[in-house]
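Let's go through this model in a few quick questions and answers. Have the coordinates open and follow along.

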Amino acid sequence: MASGVVFGGERLRRARYAVAAVFCVHGAVTGSFATRVPWIQDHAGVSAGQLGLALAFPALGASVAMPLAGAISHRFGARTALRGLLALWTMSLTLPSLAPNIYGLCGALFVYGATAGMSDVAMNALGVEVENRLDKSIMSGLHGMWSVGALLGSAAGTVAAHLGGDARLHHLVAALVLTALGALFCQGVLDLRSTPDEEPPPRFALPPKSALVIGAIGFCGVFAEGASLDWSAVYLRDELGTSAGLAAASTTAFALTMAVARLVGDRIVDRFGAVRTVRVGGVAATAGGLLVVVAPHPAAALAGFGLLGLGVAVVVPLAFAAAGRSGPNPSQAIAGVATITYTSGLIAPSAIGGIADATSLTVSFGLVTLLAFGLVLGAGVLRGKSRERAETPAVDTAAPGARN
């Protein structure tokens with residue numbers, strides 16, 4: 001670490017709030033995009049099947065580009081890297097709505113996913129660093145702020161769609177606003193820089209073994225998350241014969257319990273530890289999955305999806321935190337875990353659909369239940385290096401004018 005300004009408690013708290021705001025901006029881009037997918041589909045003139053293919057490209061782009069984040073942060077410093085990568089992500093929001101056909105849409109979504117993944121790794125690495133220096137859990141709350149941002153972005157997008165607004169104009173305005181906010185908030189994050197003799201990380205590298213093990217837990221959590229978000233409403237409609245409104249409520253129940261659990265999760269983690277928190281969460285998610293599978297009434301299924309959201313909420317934040325403490329290169333480890341979780345999110349919806357076609361949605365959610373139980377069995381891998389207070393004051397290099 002380069003020598004520089006000693007970071008006191010007040011500066012660390014400001015850095016925590018700054019990175020939380022960055023998470024919120026990142027989530028707002030996702031929410032802004034998701035609400036205008038129907039407009040984008042119509043504008044590009046693609047079928048439902050073609051849209052499904054195109055929507056796989058963000059995860060492909062993220063998986064390819066995420067390993068680059070560590071090298072970029074090493075070369076330019078954490079603050080400058082995050083500022084640039086976040087700006088690329090927020091401005092990439094404008095690309096999908098400009099696509100004239102399926103080929104343009106796939107290319108736009110590949111870039112959209114690549115910039116999302118790199119900025120995701122950069123902000124999570126900074127979040128882990130702040131967490132380690134504060135010596136208390138903050139990652140769950142940071143991901144909760146991402147959920148808040150997604151809700152804000154989707155709310156604005158819903159209004160724009162309701163008014164019949166052109167998504168190109170909507171996304172341009174949103175991108176400009178979010179880019180400006182992102183640049184402002186990035187001023188407050190830690191400005192970590194590598195020492196001159198520190199060897200740069202490779203531009204592309206396979207995830208370290210520690211990331212593969214931790215990523216397996218993230219895979220289980222994200223698979224249950226993706227399956228529930230995409231298929232819960234269909235499950236209630238097709239398996240239990242509910243109305244469209246009540247079916248949609250299942251998705252709301254899942255998303256709401258997950259967002260609330262993330263916002264309060266840090267207190268629970270600080271009191272009980274990551275392993276016990278994820279293990280108890282796994283029990284709740286397993287119970288929720290079982291309730292969904294055997295539900296004789298929609299109310300029971302709604303409760304089941306709520307328990308699933310509650311149970312898997314903190315899995316990804318704690319997996320990223322554990323990855324950041326698992327070796328000498330936090331960005332590389334976080335990129336490895338993120339790649340695995342992104343892959344899980346990519347295959348979960350199609351896997352659930354494939355199993356449902358061959359058998360039934362009930363059997364599909366039986367698989368979700370088994371993976372939720374995997375959290376109970378595998379939570380111990382999150383018991384990485386404990387957060388230790390440094391014997392010497394933590395330092396960083398502050399950009400001119402960044403000191404408060």
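Buried means under 20% relative accessible area, exposed means over 50%, and partly exposed is in between, using a 1.4 Å probe and protein chains only. The model is predicted, so local features need pLDDT of at least 70 and side-chain atom pairs count only at pLDDT 80 or more, while totals for chains, interfaces and linings use all residues. Residues are numbered from 1 along each chain as its sequence is written, and side-chain values use heavy atoms, with hydrogens and water left out.

Q: Is Asp238 buried, partly exposed or exposed?
A: Asp238 pairs up with Arg237 in a salt bridge (a Lys or Arg side-chain nitrogen within 4 Å of an Asp or Glu carboxyl oxygen), with the closest N and O atoms 2.8 Å apart. Arg237 has 47% relative accessibility, so it counts as partly exposed. Asp238 has a relative accessible area of 44%, which makes it partly exposed.

Q: How far apart are the closest N and O atoms of Arg14 and Glu10?
A: Both residues lie in helix H1 (residues 9-34), four residues apart, or about one turn of the helix; helices here are DSSP runs of H or I with at least four residues, strands are E runs of at least two, and numbering starts from the N terminus. Arg14 is partly exposed at 33% relative accessible area, and Glu10 is partly exposed at 41%. They form a salt bridge, and the closest N and O atoms sit at 3.4 Å.

Q: Are Glu225 and Arg262 buried or exposed?
A: These two form a salt bridge with the closest N and O atoms 3.9 Å apart. The pair links distant parts of the chain, 37 residues apart, with Glu225 in helix H10 (residues 209-240) and Arg262 in helix H11 (residues 244-272). As for cover, both Glu225 and Arg262 are buried.

Q: At what angle do H14 and H15 pack?
A: Two packed helices are described by the angle between their axes and the distance between the axes. Here the axes are lines fitted to C-alpha atoms over the stretch in contact, and angles run from 0 to 180 degrees between N-to-C directions. In H14, Ala319, Phe320, Ala323 and Gly324 meet H15 residues including Pro330 and Ala333, where contact means heavy atoms within 4.5 Å. The axes of H14 (residues 315-324) and H15 are 8 Å apart, and the angle is about 150°.

Q: Which residues does Ala335 touch, leaving out those up to four places away in sequence?
A: Ala335 is found in helix H15. At 5% relative accessibility, Ala335 counts as buried. Its C-alpha is 8.9 Å from that of Ala323, twelve residues apart in sequence. With residues up to four places away not counted, Ala335 touches Met66, Pro67 and Val121.

Q: Which helices each supply at least two residues of the nonpolar patch?
A: Patches take residues with over 30% relative accessible area and no salt bridge, joining like charges within 9 Å and nonpolar side chains (Val, Leu, Ile, Met, Phe, Trp, Tyr) within 5 Å. This nonpolar patch covers about 580 Å², and its residues include Leu60, Phe110 and Leu346. Phe110 has 32% relative accessibility, so it counts as partly exposed. The helices that each supply at least two residues are H4 (57-65), H7 (102-134) and H15 (330-358).

Q: What share of the protein's residues count as buried?
A: The protein has 16 helices and two strands. Of its 404 residues, the share that counts as buried is 51%.

Definitions and conventions:
Areas by Shrake-Rupley, 256 points an atom, 1.4 Å probe, with all protein chains shown as cover.
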